[in-house]
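This report covers a ligand site, some backbone details and the salt bridges of one model. Please view the structure first.

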Amino acid sequence: MKDYEPIMSFGEDVAKTYDDEQRGDEDAAVAFLEKLARGGPALELAVGTGRIALPLTARGIRVDGVDISPAMVERLRAKAGGDRMSVTIGDFADVPVPGTYRLIYVVFNTLFNLLTQEEQVRCFENVAAHLTDDGSFVVEAGSPAFLYGLRDDQHVDAESVEVDAVRLDVLRHDPAKQMFDESHVSISSTGVRLNPIVQRYAWPAELDLMGRIAGLRLKERWDGWEREPFTGRGNVVSVYGR
Ligand SMILES: C[S@@+](CC[C@H](N)C(=O)[O-])C[C@H]1O[C@@H](n2cnc3c(N)ncnc32)[C@H](O)[C@@H]1O
């Protein structure tokens with residue numbers, strides 16, 4: 001997508017409405033992560049508005065965060081407990097924080113917001129440098145298997161159709177680059193709103209190789225936070241450690 005910058009996907013407009021619709025996996029994700037944190041501390045890469053980090057903090061785990069978007073972090077700060085969290089504004093590929101963590105995690109497909117293989121490998125390497133010897137790195141990222149269902153490497157999906165508004169998901173796939181250009185398009189009487197996002201996806205096996213390059217190995221893999229058996233077709237929750 002010409003002229004795209006990742007920060008465009010998480011500016012003021014998106015931050016304002018980000019928490020309006022919850023994804024619905026929050027309780028299960030927090031329970032899964034709390035168990036692996038074993039008392040903490042934990043670090044969320046791309047912490048956003050604290051959707052996962054704040055309920056994890058409420059369970060007594062210290063959670064620090066990294067995010068590139070001041071607008072998203074401002075929303076986090078406005079929530080209960082958000083003012084006490086240590087959040088660094090920066091690129092999570094760098095893991096720009098001091099110290100080590102028992103748990104580092106990146107959820108909601110966000111590893112794929114790093115737009116090159118090199119950046120994703122750099123992220124794994126920097127995570128490894130900030131993980132305690134007994135620590136875990138959790139990556140939640142959807143399987144690219146849905147690509148098999150695309151016609152001509154693209155789709156337009158009707159996400160919602162109401163009397164006064166429609167929401168479409170428009171996606172184009174570049175198999176050579178392993179990338180999607182996507183936009184959520186809202187059309188209503190107040191006008192048209194575009195939410196562009198670009199992702200560089202990786203199959204689970206490629207993530208495992210990134211882990212190995214960083215000195216980490218796959219310890220667990222599930223289809224979701226409830227530890228559903230891995231099928232390779234849906235959500236993918238991977239746990240790495242030394
Ligand atoms: C889909 S949101 C996820 C937020 C939160 N983890 C959650 O589950 O609700 C993606 C977040 O990643 C952040 N982000 C994207 N690319 C980033 C980067 N390179 N470094 C730091 N944060 C980044 C965005 O600002 C946004 O807050």
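## Burial and basis

Buried means under 20% relative accessible area, exposed means over 50%, and partly exposed lies in between (1.4 Å probe, protein chains only). By that rule Val97 is buried, at 11% relative accessible area. Val97 sits in the loop between strand E3 (87–89) and strand E4 (101–106). Helices (H or I, at least four residues) and strands (E, at least two) are DSSP runs, numbered from the N terminus. The C-alpha atoms of Val97 and Val87 are 9.2 Å apart, and the two residues are ten apart along the chain.

The model is predicted: local features need pLDDT of at least 70, side-chain atom pairs count only at pLDDT 80 or more, and totals for chains, interfaces and linings use all residues. Residues are numbered from 1 along each chain as its sequence is written, and side-chain values use heavy atoms, with hydrogens and water left out.

## Ligand site

Which residues come nearest to the ligand? Tyr18, Glu44, Ala46, Arg51 and Asp67 do, out of 19 residues around it. A residue is near if one of its heavy atoms lies within 4 Å of the molecule. By class, this shell has ten nonpolar, five polar and four charged residues. Here Ala, Val, Leu, Ile, Met, Phe, Trp, Tyr, Cys and Pro count as nonpolar, Asp, Glu, Lys and Arg as charged, and the others, Gly among them, as polar.

The protein buries 96% of the 590 Å² that the ligand exposes when taken alone. Accessible areas come from the Shrake-Rupley method with a 1.4 Å probe; for residues, only the protein chains shown count as cover.

## Backbone details

Most residues other than glycine have a negative phi, and most peptide bonds are trans. Gly40 and Pro41 are joined by a cis peptide bond, with omega about 5 degrees. Pro41 falls in the loop between helix H2 (26–37) and strand E1 (42–45).

Asp153 has a positive phi, near 55 degrees. Asp153 lies in the loop between strand E5 (131–140) and strand E6 (154–161). Its relative accessibility is 30%, so Asp153 counts as partly exposed. Gln178 also has a positive phi, about 55 degrees. The loop between strand E7 (165–174) and strand E8 (179–188) holds Gln178.

## Salt bridges

How many salt bridges are there? The count is 19. A salt bridge is a side-chain nitrogen of Lys or Arg within 4 Å of a carboxyl oxygen of Asp or Glu. Asp94 and Arg122 pair at 2.2 Å, N to O. Asp94 lies in the loop between E3 and E4 and Arg122 in helix H5 (residues 117–129), so the pair ties together parts 28 residues apart in sequence. Asp94 is partly exposed at 36% relative accessibility, and Arg122 is partly exposed at 30%.

Asp134 and Arg102 form another salt bridge, at 3.2 Å, N to O. Asp134 is in strand E5 and Arg102 in strand E4, so this pair ties together parts 32 residues apart in sequence. Salt bridges that share partners join Arg23, Asp25, Glu26, Arg51 and Glu140 into one network. Within it, the closest N and O atoms of Arg23 and Asp25 are 3.1 Å apart. Arg23 is partly exposed at 32% relative accessible area, whereas Asp25 is buried at 13%.
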